[in-house]
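Good morning, and thank you for coming.

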Amino acid sequence: MNYLSIKDIDSLKDWVSEAKKLKENPREYTSLGQGKTICLLFFNNSLRTRLSTQKAAMNLGMEVMVMNFGSEGWQLEFGDGVIMNEGKSEHIKEAAKVVSQFCDIVAIRAFAGLRDKEADEAEVVLNGFVEYASIPIVNMESSVGHPLQALADAITLDEQHTKERPKVVLSWAPHPRALPHAVANSFVEMIHLQDADVVITHPEGYELDAAITKNIHIEYDQIKACENADFVYVKNWSSYKEYGKILSQDTNWMMTQEKLGNAKFMHCLPVRRNVVVEDAVLDGNQSLVIEQANNRTYAAQVVLKKILNEIN
Ligand code: CP
C-alpha cells in the first residue's frame, strides 16, 4: 500500500484508535521493522516531518536513511522523451528504481511550486515515484496534500474533544510569503470524515479547491466564524483561484485570544508569531500546537506499521 492522501485511510476512526494505542506503548512493535529500511527524501525543508517520521520508523525497529534531495541530489527530469542536454542530470525513471533497491519504503516531501496549477496538481515528484518505484510510497507533504499532518490532527481532535459534535473552524491568516494549500486541503479532507460542525473562514479570493471543500460553509467574517468554536485551526495559504498569489496581508486576520474565545488553538507549525497568531495564544493553555507535533510520530507510526504488515 501507499499513503499518498487521506483517501488511503479505510477507517479514520480505526487508524486514530490504533495510533492512540501506539502512543501508549510506542516500542511494542520493534520487531516488525527489523531488517527493513525507510528512505526519507526531502525536496524541501522540514523539522517535524523529518524527526517524527524518523522516530516512528525507529520505534518500529526500522533503519532510516535521510537525504535532502532538493539540495544534495541530482536535479531530476520527469518528462518523457526529453533530450536531457540542459540542467537536469537524472531521470525519475532511473532515480526511483535505484532508490527502490536501497530501501523497503520511500517517503517523499515535494512542495507545490505555486507557479503552474496544472503542474502542481499533476504531483510530478510524488507520482513519478509512484509510477517508477517498486516499493511503497509515503507522502510527507506534496503539492496538494499533507496527509501525515492531517492524520496527526485527527488524533489531536480525538484526544481533545469534549463534545460529540464539536464546532471546528479552519481560518486563513496572513503571511509574508505565498504558501501552498496542502495542509488546508488535507485538513479539510480529514474533517469531512468527522462528525463536526465545520466552518472555513478567509478573505474573498482565498477559496480553496471547491472539489475539496465541497459543501462546507464558508464565512468571510472571521469573528462571526469563530463564535462558539471548540477548535480553531489557523493556516495561511495563497490564493487558489489566482494561483499562488498573495491577495491580502490584512493583519486584522491574525488570530488573537479575543477571537479565539474558549476554543482550542491548532496550527501545524512552523508558525510566525504575531503575524499568523499572537503570542498570548501560543503561550496560553488553549494552544495544542506542541501536542499536534507530538502526534506526528504516532500518525507516521500507524502508517508505517500498516505498510510493514503488508510487506512482511
Ligand atoms: N508541520 C510540518 O509538516 O512541519 P515541518 O514542515 O517542520 O515538517
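By class, the largest cavity is lined by 5 nonpolar, 4 polar and 1 charged residues. Here Ala, Val, Leu, Ile, Met, Phe, Trp, Tyr, Cys and Pro count as nonpolar, Asp, Glu, Lys and Arg as charged, and the others, Gly among them, as polar. This is a predicted model, in which local features need pLDDT of at least 70 and side-chain atom pairs pLDDT 80 or more, while totals for chains, interfaces and linings use all residues. Residues are numbered from 1 along each chain as its sequence is written, and side-chain values use heavy atoms, without hydrogens and water.

The lining of that cavity includes W172, H175, R177 and W237. On a 1 Å grid over the protein atoms alone, a cavity is a set of points where a 1.4 Å probe fits but cannot get out, a pocket is an open set with protein on both sides within 12 Å along at least five of seven lines, and lining residues have an atom within 4 Å of a point. The volume of the largest cavity is about 30 Å³, taken as the space filled by probe spheres set on the points, which are joined across faces, edges and corners.

Which space is the largest pocket? The largest pocket is the space taken by the ligand; a molecule sits in a pocket if more than half of its atoms lie within 2 Å of its grid points. The shell around the ligand comprises 3 nonpolar, 4 polar and 3 charged residues. An oxygen atom of the ligand lies 2.7 Å from a side-chain N or O atom of T49, and for R109 the corresponding distance is 2.8 Å.

Notes: A polar contact is a pair of N or O atoms within 3.5 Å; within protein, one must be able to donate a hydrogen and the other to accept it, and residues adjacent in sequence count only if both atoms are side-chain atoms.
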